[in-house]
Each structure stands twice: as structure tokens, then as C-alpha cells.
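Subject: Structure handover and notes

Dear colleague,

I am passing the structure below on to you, together with notes on what was found in it. Please read the notes beside the coordinates and the sequence.

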Amino acid sequence: MSDEATITGNDKVLEYTIELFRSFTPPGVTLQLPPPSAKEMDMQFEEYVPNKSLTATAAAPPSYANAVGIVQGGFISAMFDNLIGPLSYLTARGPTTTLELTTHFMRAIFPGQRLRLTATVRKPGRTAIYIDAEAHTEDNKLVAIARSTVQVLPIPTQ
């Protein structure tokens, strides 16, 4: 598959990601894609534009509510992290780790809503990648924005 072709659909994005991850996963390590945290929020990858963006939807179940019944912001930050991580791996074509993730909240959402999240590479680099992301409601209202700095790690040797 060409690195320039946009990939659409959850299964195709996962297939492409798994193929890449296997190329640098050390022997004996069990690859879990999507990871349990993404499965918990029913994250569905919608579109991957190589070296540019990754879009997904994620659910906000009742278990994400805070004491007053709105979705606790940390879960929205986790949604961003579950999106930015794969985009950084795909952009670096190898392992990465989050150095910093800042989230700004624009509006409250309630359990039961589904968010559409898009992460965009702002500046790729050999040692760090800078990524911005946005989360919108199903009726396209901006819920939160995030900015992340991701460190590119050396590919493990065997």
C-alpha cells in the first residue's frame, strides 16, 4: 500500500497499523491493537492520511461521568492520547512516547455522546513530532483541543 494513499475505515487503518508495528515489535512481545484503553472507549478509526492526520470516533459511556453527571475531562484527554499515539507511530514509522499532552476544554459533554476526533501532524522530526488534535460532537460543536509533543524512540534491536 502506498504511503501516500489515504486509508479509510477502521479495519483497514488497523490492518495498516498492525503491519507497521510488527516490523519493530521485539520478539516475545504480544501486540495488542487496538489497545485495551481504545477498546474501552469504542474508538473506531475513520481515516488515516499518511504523515498528516488520523481521524476516529470514540464513545463517552456512563462510567466516564463525574460527580455532576458530565464526562470527566481526563477521559477526553485519554481519547486524544489514544489517537495521537498511533498517528505518531505511523508518522515516525517506529516507536514513540508522549512527552507532553495539554488539553483545553471548550464545552461539557454528557455520557452517551460520541465524539469525532482528528489529530494532525504540525511538525514531524527525527527526534520529536508535534501534533494538534480536536474533538467535536456529532453535530460538529468543538468540545476540546489538544497539543502534544511526542518523542521518537530508537527502534529496538534484537
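Predicted model: local features only at pLDDT ≥ 70, side-chain atom pairs only at ≥ 80, totals over all residues.

The structure holds three aromatic pairs, where rings of Phe, Tyr and Trp (for Trp, its six-membered ring) are taken to pair if their centres lie within 6.5 Å, with planes under 30 degrees apart counted as stacked, over 60 as edge-to-face and the rest as tilted. The rings of Tyr-16 and Tyr-48 have centres 5.7 Å apart and planes at 35°, so this pair is tilted. It links distant parts of the chain, since Tyr-16 belongs to helix H1 and Tyr-48 to strand S2 (residues 44-49), 32 residues apart; helices (H or I, at least four residues) and strands (E, at least two) are DSSP runs, numbered from the N terminus. Both Tyr-16 and Tyr-48 are buried, where buried means under 20% relative accessible area, exposed over 50%, and partly exposed in between, with a 1.4 Å probe and protein chains only.

Tyr-64 and Phe-75 form an aromatic pair that is stacked, at 4.0 Å centre to centre and with 5° between the planes. Tyr-64 lies in the loop between strand S3 (53-59) and H3, whereas Phe-75 lies in helix H3, so the pair ties together parts that are 11 residues apart in sequence. Tyr-64 is buried, with a relative accessible area of 3%, while Phe-75, with 28%, is partly exposed.

Residues are numbered from 1 along each chain as its sequence is written, and side-chain values use heavy atoms, with hydrogens and water left out.

Ser-63 is placed in the loop between S3 and H3, and at 51% relative accessibility this residue counts as exposed. Leaving aside neighbours within four places in sequence, Ser-63 is in contact with Glu-40 and Phe-75, contact meaning heavy atoms within 4.5 Å. The C-alpha atoms of Ser-63 and Pro-111 are separated by 7.9 Å, although the two residues are 48 apart along the chain.

Helix H3 (residues 73-92) has 20 residues and reaches 28 Å from its first C-alpha to its last, close to the 28 Å expected at 1.5 Å a residue, where the expected span is 1.5 Å times one less than the number of residues. Just after H3, Arg-93 takes a positive phi of about 60°.

In helix H1 (residues 10-22) we find Thr-17, which counts as buried at 5% relative accessibility. Neighbours within four places in sequence aside, Thr-17 is in contact with Leu-33 and Leu-90.

Turning to the strands, an open sheet of seven has the order S1-S2-S3-S5-S6-S7-S4, with antiparallel pairing; two strands pair if DSSP finds at least two bridges between them. Strand S1 (7-8) and strand S4 (96-105) stand at the edges, each with a single partner strand, so one side of each is left without a neighbour in the sheet.

S3 is joined by seven bridges to strand S5 (residues 114-123), the two running antiparallel, and Ala-119 in S5 is the bridge partner of Leu-54. S5 and S6 also pair in the antiparallel sense over seven bridges, and a hairpin joins S5 to S6 through four residues. Across this pairing, Thr-118 stands opposite Glu-134 in S6, and Lys-123 stands opposite Tyr-130 in S6.

Strand S6 (residues 128-136) and strand S7 (residues 142-152) pair in the antiparallel sense over nine bridges, with Ala-133 opposite Ala-146 in S7. S6 and S7 form a hairpin with five residues between them, and Asn-140 in the turn has a positive phi of about 70°. Seven of the nine residues of S6 are buried, so this strand is largely enclosed by the rest of the structure.

Finally, the annotation: an unreviewed UniProt entry lists residues 69-144 as "domain: Thioesterase", with positions in the numbering used here, feature names shortened, and annotations that may be inferred rather than shown by experiment. In the model, the end C-alpha atoms of residues 69-144 lie 18 Å apart, and the span is 26% helix and 42% strand.

Best regards
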